[in-house]
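Visitor: I would like to learn how to read a model of a single chain, one feature at a time. Please begin with the model itself.

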Amino acid sequence: MPTISTSLEGHHVVVTGANGTIGRAVCNAFNAAGAAVTGLDVDGVPRERQCDITDERSLQKTFEKATETATITDVVHAAAVLSVGPVAESTTAEIRRVLDVNLLGSFLVAKQAASFTSDGGSITLIASQAGLRSGAFWSLYSASKAGVLRLSEALAVELGPRHIRVNAVCPGSVETPMMSKSLSLLARLADTSEEVISTRYLSGIPLGRFAQPSEIAEVCTFLASDAASYINGTTIEIDGGEL
């Protein structure tokens, strides 16, 4: 049988949230696979790549700028914000902030990705295990990520005729500052220590550890490669077997 290449030579990927821990890992993984990378973020990147994903005009201009370098073959949407807390204490401002970034932002990125990604390309939306199953204090974040999953499914059907594959990736617990912040918030809510909360989470993961950002990134590069040429409309869980 012929060998299916996972090389991404000749690809040009746009990565949102590129200054975040997972976003940086995605950029590094695509670079290592031979792709050209345009990383977008609200801060911490060159001025021409600064972009607020909740601002449609800014987003469109940034995608247009990216196409001046090369045709966009792949998009990975990694930008997101965290929310942990009781439903009863959720403020309207917090609800709007999380839905604006995690859900509205995903729609706006998907809109530009659908417009600028070349036929035969790929779009990967990074959602979350929380979008598949929620729990106490995760209501807002979970609801926003569940919406991302439904968006990816619809987009996969819409763009299938153009041979653009759309998939979602659902990380579980990943060693990132966002994960550390969530453990701290959960510990405060439960009036216990971060170590207790961390041990509780680890006990539910068959592999017995949290994921590394690079492990999320490698799945994203796989989905953009020829090795994933018939994977479309799929949600991939990267949670060590927790769910």
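Guide: We go from the whole chain to single residues. Keep in mind that this is a predicted model.

Visitor: How many helices and strands does the chain have?

Guide: The chain has 7 helices and 6 strands. Read from the N terminus, the order is β-α-β-α-β-α-β-α-β-α-α-α-β. The radius of gyration is 18 Å, close to the 18 Å that the globule rule gives for 243 residues, so the chain is as compact as a globular protein of that length. Along the principal axes, the C-alpha atoms fill a box of roughly 50 × 45 × 35 Å.

Visitor: What share of the residues counts as buried?

Guide: Burial is read from relative accessible area, with under 20% as the limit. Of the 243 residues, 47% count as buried. The accessible surface of the chain comes to about 11500 Å², and carbon and sulfur atoms account for 53% of that surface.

Visitor: Among contacts between residues at least 6 apart in sequence, what percentage join residues at least 24 apart?

Guide: Sequence separation is the thing to read here. In this chain, 72% of those contacts join residues at least 24 apart.

Visitor: Which residues is F63 in contact with, leaving aside its neighbours within four places in sequence?

Guide: The contacts of F63 are V14, L40, I72, V75, Q112, A113 and F116. A C-alpha distance gives another view: F63 and T117 lie 54 residues apart in sequence and 9.7 Å apart in space.

Visitor: Now the charges. How far apart are the mean positions of the positive and negative charges?

Guide: The chain has 18 positive and 26 negative charges, and their mean positions are 4 Å apart. For pairs of charges, the feature to read is the salt bridge, and the count is 6.

Visitor: What is the N to O distance between K65 and E68?

Guide: The side chains of K65 and E68 meet in a salt bridge at 3.6 Å, and the cut-off is 4 Å. K65 is partly exposed at 43% relative accessibility, whereas E68 is exposed at 59%.

Visitor: How many residues apart are R150 and E153 in helix α4?

Guide: They are 3 residues apart in helix α4 (residues 139-159), so about one helical turn separates R150 from E153. The closest N and O atoms of this salt bridge are 2.8 Å apart. R150 is partly exposed at 45%, and E153 is partly exposed at 33%.

Visitor: And which element is the place of E215?

Guide: E215 is in helix α7, residues 213-224. Its side chain forms a salt bridge with that of R209, at 2.8 Å from N to O. R209 is partly exposed at 40%, and E215 is partly exposed at 30%. Leaving aside neighbours within four places in sequence, E215 is in contact with R209 and I238.

Visitor: Is D191 buried or exposed?

Guide: D191 is exposed, with a relative accessible area of 72%, because the exposed class begins over 50%. D191 is found in the loop between α5 (177-190) and α6 (194-203). Phi of D191 is about 55°, a positive value although the residue is not a glycine.

Key: Residues are numbered from 1 along each chain as its sequence is written. This is a predicted model: local features need pLDDT of at least 70, side-chain atom pairs count only at pLDDT 80 or more; totals for chains, interfaces and linings use all residues. Side-chain values use heavy atoms; hydrogens and water are left out. Helices (H or I, at least four residues) and strands (E, at least two) are DSSP runs, numbered from the N terminus. The radius of gyration is taken over C-alpha atoms; the globule rule is 2.2 Å times the number of residues to the power 0.38. Buried means under 20% relative accessible area, exposed over 50%, partly exposed in between (1.4 Å probe, protein chains only). Contact means heavy atoms within 4.5 Å. Accessible areas come from the Shrake-Rupley method with a 1.4 Å probe; for residues, only the protein chains shown count as cover. Lys and Arg count as positive and Asp and Glu as negative; His and the chain ends are not counted. The place of a charge is taken as NZ of Lys, CZ of Arg, CG of Asp or CD of Glu.
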